[in-house]
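Trainee: Could we go through this model together? I'd like to know what stands behind each label.

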Amino acid sequence: MDVVLDGKPVGQTVAKTYMELEVTPGQHTLISKAENDDVLNVNTEAGKNYFVWQEVKMGMLYARSLLHLSDEETGKAGVRECKLIEGSP
């Protein structure tokens, strides 16, 4: 699925993968594009890590996604089960 951060494409996810993105402090918009577009607005602070879970479910014809902000413990556990997408910004 295509992932867009603040209006700019940042890559595509597949099952059991993750992206690592660095952002400036402040308001950011993350979009997961699939059969639907799901939008998550996040207000980030300097020095903090944020974890977003991209939940995927089957839609009518294609996959659908939902974005969820996760706590750090849950986020780190999820990352350990996945592979970093090479070349992610």
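**Labels and their cut-offs**

Trainee: Why is Met-58 called exposed?
Mentor: Its relative accessible area is 60%, and exposed means over 50% (buried is under 20%, partly exposed in between, with a 1.4 Å probe and protein chains only). So Met-58 passes the cut-off and gets the label exposed.

Trainee: Before we go on, what kind of model is this?
Mentor: This is a predicted model, where local features need pLDDT of at least 70 and side-chain atom pairs count only at pLDDT 80 or more, while totals for chains, interfaces and linings use all residues. Residues are numbered from 1 along each chain as its sequence is written, and side-chain values use heavy atoms, with hydrogens and water left out.

Trainee: What makes residues 51–58, with Met-58 among them, a strand?
Mentor: That stretch is strand E6; strands are DSSP runs of E with at least two residues, helices are runs of H or I with at least four, and both are numbered from the N terminus.

Trainee: How do you know that E4 and E5 pair?
Mentor: Pairing takes at least two DSSP bridges between two strands. Strand E4 (residues 26–33) and E5 have eight, in the antiparallel sense, so they count as a pair.

Trainee: What makes the largest nonpolar core a core?
Mentor: A nonpolar core is a set of buried Ala, Val, Leu, Ile, Met, Phe, Trp, Tyr and Cys residues joined through side-chain atoms within 4.5 Å. Here the largest one has nine residues, including Leu-5, Val-10, Leu-30 and Leu-40. Strand E1 (2–5) and E5 each supply at least two residues of this core.

Trainee: Which residues does Leu-5 touch?
Mentor: Contact means heavy atoms within 4.5 Å. Leaving out residues up to four places away in sequence, Leu-5 touches Val-10, Leu-21, Val-23, His-28, Thr-29 and Leu-30.
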